[in-house]
Amino acid sequence: MFYALSALFLTGLLGNALSGVSESSSSLFSFIWNLRDAANFIVGVWFFSFGSTAYYFALYKNRMIPVWLSIWGGIGILLVFSTSLAVLIIGPPYTISGLLSLLALPIALQEIVLGIYLIVKGFQQEVKNDG
């Protein structure tokens, strides 16, 4: 939803730029740009982090993937969430770039490894014998 909002704000920016930005509307342009970045890099990352935390906790609790893989995901999500908090504290422009983008590498690598693991091995399913 927040990525859709970001795209909507970007559309507003393009329309503003094509019509010619006057000095009075440049503050509106700046406001919409910051709103777009905040929706994309702050709020969107927070919701991604909350959802991913629940996802990796469920995978860890049910032992559907190896424990090390779900712990790696949890640590990566914590780093990404910390990065978005740092971007919020630093202030506009709200973008994750430079050295802060290095903190997103662990979760990016973990997602790739998890995808390969699930393609090769799949989920581990426990078979319970009640008899």
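**Contacts, core and surface of a predicted helical chain**

Student: What does V80 touch, not counting residues up to four places away in sequence?
Tutor: V80 touches V45, S49, L103, A104 and I107 under that rule. A contact means heavy atoms within 4.5 Å.

Student: What kind of model is this?
Tutor: This is a predicted model: local features need pLDDT of at least 70, side-chain atom pairs count only at pLDDT 80 or more, and totals for chains, interfaces and linings use all residues. Residues are numbered from 1 along each chain as its sequence is written, and side-chain values use heavy atoms, with hydrogens and water left out.

Student: How many helices and strands are there in the protein chain?
Tutor: The protein chain has 4 helices and 0 strands. Along the sequence the pattern reads α-α-α-α. Helices (H or I, at least four residues) and strands (E, at least two) are DSSP runs, numbered from the N terminus.

Student: Back to V80. Which nonpolar core holds it?
Tutor: V80 belongs to the largest nonpolar core, which has 10 residues. Buried means under 20% relative accessible area, exposed over 50%, and partly exposed in between (1.4 Å probe, protein chains only).

Student: Which elements give two or more residues to this core?
Tutor: They are α2, α3 and α4, with α4 running over 105-120.

Student: I65 is in that list. Where does I65 lie?
Tutor: I65 lies in the loop between α2 and α3. I65 counts as buried because its relative accessibility is 1%.

Student: What is I65 in contact with, leaving aside neighbours within four places?
Tutor: The contacts of I65 are L59, S70, L114, Y117, L118 and F123. I65 and L118 are 53 residues apart along the chain, yet their C-alpha atoms are separated by 8.3 Å.

Student: What about R63, what does its phi look like?
Tutor: Phi of R63 is near 55 degrees, a positive value in a residue other than glycine. R63 is also in the loop between α2 and α3. At 38% relative accessibility, R63 counts as partly exposed.

Student: Switching to α3. How many residues does it have, and how far does it reach?
Tutor: α3 has 24 residues and reaches 35 Å from its first C-alpha to its last. That is close to the 34 Å expected at 1.5 Å a residue. The expected span is 1.5 Å times one less than the number of residues.

Student: Which residues in α3 are buried?
Tutor: L69, S70, G73, G76, I77, V80, T83, S84 and V87 are buried in α3. An α-helix has 3.6 residues a turn, so residues three or four places apart point the same way.

Student: And what happens just after α3?
Tutor: G91 takes a positive phi of about 100 degrees there.

Student: Now α4. Is Q110 buried or exposed?
Tutor: Q110 is found in helix α4. Q110 counts as buried because its relative accessibility is 0%. Beyond four places in sequence, Q110 touches Y56, L69, W72 and G73.

Student: And L105, where is that found?
Tutor: L105 is found in helix α4. At 44% relative accessibility, L105 counts as partly exposed. L105 and V80 are 25 residues apart in sequence and 8.9 Å apart in space, C-alpha to C-alpha.

Student: Why does F57 count as exposed?
Tutor: F57 counts as exposed because its relative accessibility is 53%. F57 is in helix α2. V67, in helix α3, counts as partly exposed at 31%.

Terms used. Core = buried A, V, L, I, M, F, W, Y, C linked by side-chain atoms within 4.5 Å.
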